[in-house]
Amino acid sequence: MFRRERSIPLRSSAAALSNNLSVLQLPARDLTHFGVVHGPSAQLLSAAPEGLPLAQRQLHVKEGAGVSPPLITQVHWCVLPFRVLLVLTSHRGIQMYESDGSVMVYWHALDSGDASSVQAMFARGIAASVHFICVGTWSGRVLVFDIPAKGPNIVLSEELAGHQTPITDIATERAQGQDGVADMVTADDSGVLCVWRSGPEFTLLTRIPGFGVPCPSVQLWQGTVAAGYGNGQVRLYDASTGALHIQINAHARTVSALDLAPEVGKLLSAAEDTFVHIWRLNRNPESGSIEVEHCHGECVPDTQVCGARFCDPSGSSFAVTGYDLAEILRFGSV
């Protein structure tokens with residue numbers, strides 16, 4: 001069971017974007033960082049365990065030619081083995097900052113050469129894999145950046161072509177040195193999923209076809225892909241074969257966020273139907289098949305939920321953002 005805890009005030013409402021909440025826990029400092037997008041700015045907040053806000057910072061898109069400031073599409077902390085970077089995507093490009101947002105270490109402008117005059121350029125979908133940061137784009141390509149242990153010498157090392165429509169989300173999982181193991185999944189606006197193995201060169205392992213609805217959010221856990229769709233379904237696939245394990249009619253409207261607590265196999269799903277659900281994933285030791293148990297459901301009345309994340313690896317607390325809601329709601333286990 002979970003109960004409502006002290007919420008964290010925002011300067012303005014979260015934008016109506018899928019995956020519009022990023023959380024970074026700093027156990028050594030007993031702090032949690034939250035990142036939320038609103039229009040042309042991103043709000044970064046630090047909070048103590050009891051929810052007391054300690055610091056706020058606003059980040060804006062790098063200015064360039066244009067009449068109006070470009071909109072931000074996502075903000076996300078990328079935890080690499082040797083450093084943590086904050087990545088911000090927009091209609092203009094990709095910005096990477098030190099984890100507190102104080103110093104921008106890299107800027108990548110989107111190339112309009114691939115866009116038609118009626119196509120909107122943007123980057124969306126961010127994830128870290130080993131010493132790479134992967135970012136999706138409107139063209140369906142995934143940009144792979146090689147990240148040094150320190151400093152700004154970040155290099156665009158590869159572009160992955162597996163999608164025909166805009167990328168919506170990217171998820172990764174540490175393969176722990178196992179060769180041939182799928183450790184990244186990308187999703188797009190048509191519902192297609194691509195499963196990859198990272199390395200000096202990324203390899204496409206499996207392509208899971210869509211079925212006519214977008215896939216706004218995706219996660220990866222122990223060789224299982226969890227995907228949330230525009231029809232409210234959550235589907236679990238085998239990452240190596242693409243076989244469908246389980247289909248859950250979890251929500252009445254578009255799934256806007258999925259998250260995983262990897263230590264315990266908890267899956268969080270949030271949707272535009274005002275509900276947040278928590279599920280427990282288990283692998284049957286005899287058959288090896290995945291089993292799902294519903295653990296908790298939470299309604300955020302009259303709110304279009306657009307972001308939700310666990311606040312710790314054990315899944316004992318989570319946070320929620322909503323459109324036209326000027327606060328981050330926090331829930332902790334009883």
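A polar contact is a pair of N or O atoms within 3.5 Å; within protein, one must be able to donate a hydrogen and the other to accept it, and residues adjacent in sequence count only if both atoms are side-chain atoms. The model is predicted: local features need pLDDT of at least 70, side-chain atom pairs count only at pLDDT 80 or more, and totals for chains, interfaces and linings use all residues. Residues are numbered from 1 along each chain as its sequence is written, and side-chain values use heavy atoms, with hydrogens and water left out.

**The cavity**

- A cavity is a set of points, on a 1 Å grid over the protein atoms alone, where a 1.4 Å probe fits but cannot get out; lining residues have an atom within 4 Å of a point.
- Grid points are joined across faces, edges and corners, and a volume is the space filled by probe spheres set on the points.
- The structure has 1 cavity of 30 Å³ or more, and the largest cavity holds about 30 Å³ of space.
- Its lining includes Asn19, Ser22 and Gln74.
- Strands (E, at least two residues) are DSSP runs, numbered from the N terminus.
- Strand S3 (31-38) and strand S6 (72-79) each give at least two residues to the lining of the largest cavity, and S6 supplies the largest share, 3 residues.
- The lining of the largest cavity has 4 nonpolar residues, 7 polar and no charged; Ala, Val, Leu, Ile, Met, Phe, Trp, Tyr, Cys and Pro count as nonpolar, Asp, Glu, Lys and Arg as charged, and the others, Gly among them, as polar.

- Buried means under 20% relative accessible area, exposed over 50%, and partly exposed in between (1.4 Å probe, protein chains only).
- Glutamine 74 belongs to strand S6 and is buried, with a relative accessible area of 4%.
- A polar atom of the glutamine 74 side chain lies 2.9 Å from the backbone nitrogen of glycine 125.
- Not counting residues up to four places away in sequence, glutamine 74 is in contact (heavy atoms within 4.5 Å) with residues including Asn19, Val37 and Gly125.
- Serine 22 is in strand S2 (residues 22-26) and is buried, at 1% relative accessible area.
- Beyond four places in sequence, serine 22 touches His33, Phe34, Gly35, Val75, His76 and Trp77.
- Asparagine 19 sits in the loop between strand S1 (2-9) and S2, and is buried at 4%.

**Positive phi**

- Most residues other than glycine have a negative phi.
- Asparagine 19 has a positive phi, near 60°, and aspartate 302 has a positive phi near 55°.
- Aspartate 302 lies in the loop between strand S25 (290-299) and strand S26 (304-310) and is exposed, with a relative accessible area of 81%.

**Valine 79**

- Valine 79 is in strand S6 and is partly exposed, at 46% relative accessible area.
- Leaving aside neighbours within four places in sequence, valine 79 is in contact with Leu24, Val84, Ala128 and Arg174.

**From the record**

- In the model, residues 248-289 are 0% helix (H or I, at least four residues) and 57% strand, with end C-alpha atoms 15 Å apart.

Definitions and conventions:
1 Å grid on protein atoms, 1.4 Å probe; cavity = no way out; pocket = protein on both sides within 12 Å on 5 of 7 lines; lining within 4 Å.
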